[in-house]
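Please look over the sequence and the three-dimensional structure shown here before reading the report that follows.

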Amino acid sequence: MALTLTLREQPVVPLEAEVLRPDRLAGAGRAEIEELPLWHGNERTRVGEFFAVSGAGDDDVRLEGDLRRVKFVGAGMSTGRLTVAGHVGMHAGAGMRGGELHVEGDTGDWAGAAMRGGTLVVRGSAGRQLGGVYPGERAGMRGGEILVHGDAGAQAGAGLRRGLIAVAGRLGEAAGLRMLAGTIVALGGVGGRAGAGMRRGTIVTMAPATPLATFVFSCIYRPPFLGLYLRRLCALGMAVSDEQLGGRYARWSGDGLELRRGEILILEAGA
């Protein structure tokens, strides 16, 4: 039986719960888990005050309840599988280095920010700065995979250095802002100012888009590498059509303010 933590009641103010990750809970007994520290606003508390603990302390952990006011769930995790059976708050999976984090509802802002590895799967929608860069840091996500089955907010992939972000719905404004490398795939399209200030990397959109004026049209072609990425998304449970797999894409190079070494690929409808 998986280790299960069930939220007893909604915290009055956001609850910071970095300890709720498989590699921190593995091998721990119930009493030990209940004594692990949490921060409720500026007050120090413990896991047992807010969560009922059941099951074994292995590397398969399940969190139940409405966790929209619970922050940093799965942050920094390196191994194991963590499932959130509902919504979760800000910074979920931030700084992940490995393992799998599955959120069955929505995530707050900064989900997967500064990730280094592992897989984050969101069955609902994500807030702003998905896989983004924290203020004062040069790069955001540096590895791993993020899959969102709904929509994502503004500045998804901001400062992206390495890794894959895929969104089945639509991305908000300024996706890939100042990205350094990596790949963003938007099956439902992108908002305005996508790729602003990008240096390298690839943004793929399956819906019509108008790149910034600092991007220039290069060609229409079938990118050989894209099929590999899209088949990977299929293997991870994301719906990708035959048209997207075999279609032709318009390539726009940019940002012109950064030597145009990045690209936006736009699927040609009916190609």
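## The largest pocket

The lining of the largest pocket is made up of four nonpolar, two polar and four charged residues, where Ala, Val, Leu, Ile, Met, Phe, Trp, Tyr, Cys and Pro count as nonpolar, Asp, Glu, Lys and Arg as charged, and the others, Gly among them, as polar. Among the lining residues are Val-133, Arg-138, Gly-159, Leu-177 and Glu-258. The space in this pocket comes to about 160 Å³, a volume being the space filled by probe spheres set on grid points that are joined across faces, edges and corners. A pocket is, on a 1 Å grid over the protein atoms alone, an open set of points where a 1.4 Å probe fits, with protein on both sides within 12 Å along at least five of seven lines, and lining residues have an atom within 4 Å of a point.

## How the model was read

This is a predicted model, in which local features need pLDDT of at least 70 and side-chain atom pairs count only at pLDDT 80 or more, while totals for chains, interfaces and linings use all residues. Residues are numbered from 1 along each chain as its sequence is written, and side-chain values use heavy atoms, with hydrogens and water left out.

## A hairpin and its histidine

Strand 3 (residues 37-40) pairs with strand 4 (residues 43-46) in the antiparallel sense over four bridges; strands are DSSP runs of E with at least two residues, helices are runs of H or I with at least four, and both are numbered from the N terminus, while two strands pair if DSSP finds at least two bridges between them. The two strands form a hairpin with two residues between them, and Gly-41 in the turn has a positive phi of about 65°. Trp-39 has Arg-44 in strand 4 as its bridge partner.

His-40 lies in strand 3 and counts as buried at 15% relative accessibility (buried means under 20% relative accessible area, exposed over 50%, and partly exposed in between, with a 1.4 Å probe and protein chains only). Leaving aside residues up to four places away in sequence, the contacts of His-40 include Pro-11, Val-13, Thr-45 and Phe-50, contact meaning heavy atoms within 4.5 Å.

## Aromatic pairs

The count of aromatic pairs comes to three, with rings of Phe, Tyr and Trp (its six-membered ring) pairing if their centres lie within 6.5 Å, and planes under 30 degrees apart counting as stacked, over 60 as edge-to-face and the rest as tilted. One of them joins Phe-217 and Trp-252 edge-to-face, at 5.7 Å centre to centre and 70° between the planes. Because Phe-217 lies in strand 15 and Trp-252 in strand 16, this pair ties together parts that are 35 residues apart in sequence.
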